[in-house]
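Please open the model in your viewer and display the side chains.

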Amino acid sequence: MFPKGFLWGASTSAYQVEGAAYEDGKKASQQDIINKDSFQKYGFATADVASDEYHHYKEDVALMKECGFSSYRFSIAWARIFPDGNGEPNPKGVQYYHNLIHELKAAGIEPIVTMYHYDCPWALVEKYGGWLNRQIVDDFAKYAEFLVKEYGKEVRIWTTINEQSIIVQYWTQKCYIPEELLDGNHNQLRYQINHYMNLCHAIACNLVHTYVPDGIVGAALGYSCIYPLTSRPEDCMAMQNAQALRNDYYTDIYFKGIYNKAADTYLKEHGLAPVIENGDMDLIASGTSDFLALNYYASECAKACPADGKIQIQWSGVNRSGKKGDISGFETHPGFYQMCKNPNLDTTDWDWAIDPTGMEYMLRDLYNRYNKPLMITENGLGAYDTLTEDGKIHDSYRIDYLREHIRAMKRAIDKGVEVISYNPWSAIDLLSTSNGVKKRYGLIYVDRTDDDPKNCARIRKDSFYWYKKVIASNAEDLT
């Protein structure tokens, strides 16, 4: 059995579901601008309408209640609260989240609130470069303080910044980076952005502990366990190197207050390490995390990579077509590691390895390392869904994926791992950061296409009805 009081639900993020991008006082975020560019380049939907949850939130919460949710993880749009990133709050934006939280609480659903999910106010990007400038730390601190004071009486569980590791790996999809910084000579900025986010995370943790008496707080980290390609010692060392730079570099900050030594040494050797000012590490160490939230979709694989001068540093590839094998490349750090396809695992159409056992591996490994409670705040299958003529979506493939990951999570719990919640991605279909709306994740279908938002009608998928049964039985019935 899953523990009594285990939180079942699902997740979304503001810019991917809300829409109303320029309504009721909200101004643009960097994701509004980035997604306009993606629409022009690839035909992927903009964030202007997304899934239109801003106008459908009561319907969506009713569907969550029907499914049996006891939690809903969502993010607050910084530019809806502070349209210019700072200054006076926007009353209609502030009220929207009060309305959403009240609706959730009335339905018996615990709100799990993420402070930041990629959507830096565009006004701050125009003013000083957004996350490229240390000024962002002060502005984020004021934003976070407003959130915990405004909503802290109703929100107990907080996550700070979503997926710092993914922001480093895919910085142009998660941040607005000017073209003049994309020539390969400015990759140190990836880790500088991450350092600023670490300062913000610590500040946010301290704020929650100060203003929310029973509150708990942690980061939501994009995480993949990493296997060696073979048992050859050099591949096993490459795996350890990849683990240090892609995972431990973030988790050691949250729970030890230090940068992982192996990763930090590598970054310094290659001119990639962040500039750290006096007092920064003391601030970071002060920001105690109560748990770690994890966004797990796939495991990764690493192999040895020679430092012979023929191979240059490359960053994570992406598949935009949704055709297996179209990934643009694999992250490579010569002399340290190279990521590669795992020949033992099948993948999604977007080349993400399908590995439920990796969920158990991740949970057990992290709990052994840090002995802190864990949450799953994202886990799901992006796929092409077909709406049948009679208005059904038969997504057995999603059910299979979620079932095996829940079983893996249960095996970890049976081995003593403390897991608080399961909030798969996503509650409803939404705008994928790099693949538009055709790549669907939701338990609930949103009837729209990339080029036509239609009326965003909600339709329960087969996975919705299956998940309802899972929740009602506390995962005793997974058939």
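Begin by selecting Arg 80 and Tyr 96: Arg 80 lies over the face of Tyr 96, 5.9 Å from the ring centre. A charge counts as over a ring if NZ of Lys or CZ of Arg is within 6 Å of the ring centre and within 35 degrees of the ring normal. Next select Arg 440, which is placed over the face of Tyr 445 at 4.1 Å from the ring centre.

The model is predicted; local features need pLDDT of at least 70, side-chain atom pairs count only at pLDDT 80 or more, and totals for chains, interfaces and linings use all residues. Residues are numbered from 1 along each chain as its sequence is written, and side-chain values use heavy atoms, with hydrogens and water left out.

Across the whole structure, a search finds 32 aromatic pairs. Rings of Phe, Tyr and Trp (its six-membered ring) pair if their centres lie within 6.5 Å; planes under 30 degrees apart are stacked, over 60 edge-to-face, and the rest tilted.

Now select Phe 82 and Tyr 143, an edge-to-face pair with 6.5 Å between centres and 80° between planes. Both residues are buried (under 20% relative accessible area; exposed is over 50%, partly exposed in between, with a 1.4 Å probe and protein chains only).

Proceed to Trp 122 and Tyr 176, whose centres are 4.8 Å apart with planes at 90°, so this pair is edge-to-face. Trp 122 is buried at 16% relative accessibility, whereas Tyr 176 is partly exposed at 34%.

Finally, select Phe 2, Phe 6, Trp 8, Phe 69, Tyr 422, Trp 466 and Tyr 467, which form one aromatic cluster.
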